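Please open the model in your viewer and keep the sequence panel beside it, so that each selection can be followed in both. The tour moves from strands to charged pairs and then to a pocket.

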Amino acid sequence: LWGVDAPELGQKSGKASKDFVHDLIHNQWVTLKHKDIDKYGRNVCKVLIGKKDLALLMLKINKYVKLY
């Protein structure tokens, strides 16, 4: 997730973060905008739910992420 540091599944709050995102985007179309590739070779994308930025939503709600 581009723009924020979200926990991995094996880290503290990882499952809770995954469940939170699942509940936000369940049965909705999302748009991925590729921004980068991280040091592990994974695609880093901006995720939009409609016109809303998932990372910004998570920051506003202060759930499981830190700005970087």
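**The strands**

Begin by selecting strand β2, residues 30-37, together with β3, and you will see two strands that run antiparallel and are joined by seven bridges. Keep in mind that this is a predicted model. To follow one of these pairings, pick leucine 32, whose bridge partner in β3 is valine 47. Then move to the turn of this hairpin, where five residues lie between β2 and β3 and where glycine 41 has a positive phi of about 85°.

How many of the seven residues of β3 are buried? Five of them are, so β3 is largely enclosed by the rest of the structure.

**The charged pairs**

Next, show the side chains of the charged residues, among which five salt bridges are counted. Select arginine 42 and glutamate 8, whose side chains meet in a salt bridge at 3.4 Å, N to O. Arginine 42 lies in the loop between β2 and β3 and glutamate 8 in the loop between β1 and α1, so the pair ties together parts that are 34 residues apart in sequence. Arginine 42 is partly exposed at 37% relative accessibility, and glutamate 8 is partly exposed at 39%.

Move on to helix α1, where aspartate 19 and lysine 15 lie four residues apart, about one turn of the helix, and form a salt bridge with their closest N and O atoms 2.8 Å apart. Here aspartate 19 is partly exposed, at 28%, whereas lysine 15 is exposed, at 52%.

Then return to aspartate 53, which forms a salt bridge with lysine 46, the closest N and O atoms being 3.9 Å apart. Is aspartate 53 buried or exposed? At 13% relative accessibility, aspartate 53 counts as buried, while lysine 46 is partly exposed, at 24%.

**The largest pocket**

Finally, select Leu1, Ala6, Pro7, Glu8 and Arg42, which lie nearest the centre of the largest pocket among its 23 lining residues. Elements that give two or more residues to this lining are β1, α1 and β3. The largest pocket holds about 640 Å³ of space, and its lining has 13 nonpolar, four polar and six charged residues.

Technical notes: Residues numbered from 1 in each chain as written. Predicted model: local features only at pLDDT ≥ 70, side-chain atom pairs only at ≥ 80, totals over all residues. Heavy atoms only, no water. 1 Å grid on protein atoms, 1.4 Å probe; cavity = no way out; pocket = protein on both sides within 12 Å on 5 of 7 lines; lining within 4 Å. Points joined across faces, edges and corners; volume = space filled by probe spheres on them. Nonpolar A, V, L, I, M, F, W, Y, C, P; charged D, E, K, R; others polar. Buried < 20%, exposed > 50% of the residue type's maximum accessible area, 1.4 Å probe, protein only. Pairing = 2+ DSSP bridges. Salt bridge = Lys/Arg side-chain N within 4 Å of Asp/Glu carboxyl O.
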